[in-house]
Amino acid sequence: SPAAQAASSLSSPLPAPSSLASSVAHPPHQSPLSAQHVPRESPGSIDEDTSTSASKRARSDPNRIDLTRVSTAKEAEEVANSSSHTLDHSSFFVDRRWKTRPECTDYIKKINILHGARQVSCNSENKMHGKRGYFMKCTSPGCRYELRVKKKQSSDPSKSYFWICEEDSVMSHEPILCASKAKATVSFLLKNGSFRSWIQAAAADGANGARVTAKELQDKLQLELGVQATIPVIYGARKCLESGTWMEYESSFNLLPAWLSAYCKCNRGSFYICNPPLGEGGAEGPPMLEQCMLANGTVLQIVKQCGLRVLRQRFSRFKHRWFSGKALVVDGYLPDGSILPIAAAIFPGWHAREETVDAETAANASFVWEELKKSDMGEWLLPSAGSLTVMTDLDSASLPAIKQSLPHANVIYCCRLLLSNVNAFCRKKARAQLQTISNDEKQSAEILFWKAQAADNLQDFFFQDGRDWRSE
């Protein structure tokens with residue numbers, strides 16, 4: 001009968017947890033640093049058979065369904081359809097350590113999606129101090145699945161790690177009572193090797209065949225991986241992969257020096273610097289851009305011959321899926337009010353684990369100014385050429401670079417950035433910002449800021465445009 005077949009199929013021995021763990025321990029698309037398999041330090045756990053300990057936990061779990069109590073064919077069929085062997089995740093979490101909390105959380109969510117299509121989230125009711133760990137619980141109210149993640153702290157940050165406490169965790173979902181249904185996210189699909197291979201194969205055969213639709217990808221995920229995903233999520237992940245892969249982005253680094261060289265040949269007087277020289281020694285690892293600068297020779301000559309002796313340096317943040325940092329632009333001013341970019345440089349900046357690289361530093365700004373002093377603009381920057389004014393942000397960390405490279409220059413600060421900082425402070429303190437709320441100057445708080453900027457003293461501030469602003 002169907003009930004007997006279901007019971008016999010579920011009572012068959014489970015696959016060895018070690019074989020299951022090997023299939024997800026280090027996927028080809030994932031770095032092994034994200035989930036390291038490290039033996040535990042507790043006595044007797046290194047030589048103990050993982051499958052034996054897992055079976056002991058399974059037999060001792062009071063919530064595990066006993067097939068001898070399945071009385072009806074319908075209940076047995078529900079148990080069979082639930083694939084209970086995929087709901088016991090103990091084999092995937094035993095003896096594993098993670099360097100950071102995001103890595104640990106991503107791994108737990110990935111296992112729950114791939115093995116049982118369940119959804120878990122951080123349990124806010126059962127709180128632990130952030131330095132000691134946290135809880136991950138199944139979103140179904142009737143399921144007792146809960147993982148207690150602890151943090152091993154050390155004076156050396158590189159030796160700290162996160163791990164899952166087996167004694168205080170329930171690592172198996174309830175086959176019948178658990179009603180949680182997880183759906184894949186864009187981030188999960190982007191990190192999934194199978195999904196990436198499907199998109200890349202379709203892109204390679206794009207000229208010879210039809211494009212794989214999101215509905216076909218949805219059916220393929222459900223059939224081959226047992227993963228549910230919505231059409232918008234699949235479309236978003238496919239768009240990210242088709243717009244550019246890491247391999248394409250990595251190869252683009254080797255194209256940068258050639259493009260800069262060709263640009264400088266076509267634009268007389270231009271120069272570029274790319275540190276380190278990319279394309280050399282690539283076998284040692286992925287290219288790492290430290291400094292890159294480009295100056296336009298035509299603009300240099302225009303500013304030298306016709307420009308005001310006023311320059312401006314400004315940092316602008318940019319963030320790409322594979323690269324983030326800041327761009328430093330040096331602008332020149334012409335008498336008619338035109339602003340021309342003289343030079344631009346990009347510097348990487350990121351924050352990952354215990355490493356922080358800041359792009360807006362005095363060293364990076366000094367690098368740009370020293371290179372400009374070596375160029376055709378060098379004589380124009382000397383004190384003998386006349387007074388020089390440089391405008392920058394007062395809060396910029398690169399301010400000491402101007403005083404070091406151009407000690408004779410007068411440094412002034414951008415009032416628009418000052419206004420932005422004032423409004424940011426007001427938002428932080430939940431106070432009214434200096435904004436223009438109507439066309440009526442009497443109701444404008446921002447106009448008062450600009451009047452204060454234009455006035456040299458209180459008398460000039462109160463009496464402007466033939467009006468006494470004190471009475472208004």
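These legends describe close-up views of a sheet and of helix contacts in a predicted model. Residues are numbered from 1 along each chain as its sequence is written, and side-chain values use heavy atoms, without hydrogens and water. Local features need pLDDT of at least 70 and side-chain atom pairs count only at pLDDT 80 or more, whereas totals for chains, interfaces and linings use all residues.

**View 1. An open sheet of seven strands.** The strand order is E7-E8-E11-E10-E9-E14-E15, with mixed pairing. Strands (E, at least two residues) and helices (H or I, at least four) are DSSP runs numbered from the N terminus; two strands pair if DSSP finds at least two bridges between them. Strand E7 (271-275) and strand E15 (410-413) are the edges, each pairing on one side only.

**View 2. The pairing of E14 with E15.** Strand E14 (residues 389-392) runs parallel to E15, joined to E15 by four bridges. Thr 389 has Asn 410 in E15 as its bridge partner.

**View 3. Helices H15 and H16.** The axes of H15 (residues 415-428) and H16 (residues 446-454) come within 11 Å and cross at roughly 140 degrees. Axes are lines fitted to C-alpha atoms, for helices over the stretch in contact, and angles run from 0 to 180 degrees between N-to-C directions. On the H15 side, Cys 415, Arg 416, Leu 418 and Leu 419 meet Glu 446, Phe 449, Trp 450 and Gln 453 of H16, where contact means heavy atoms within 4.5 Å.
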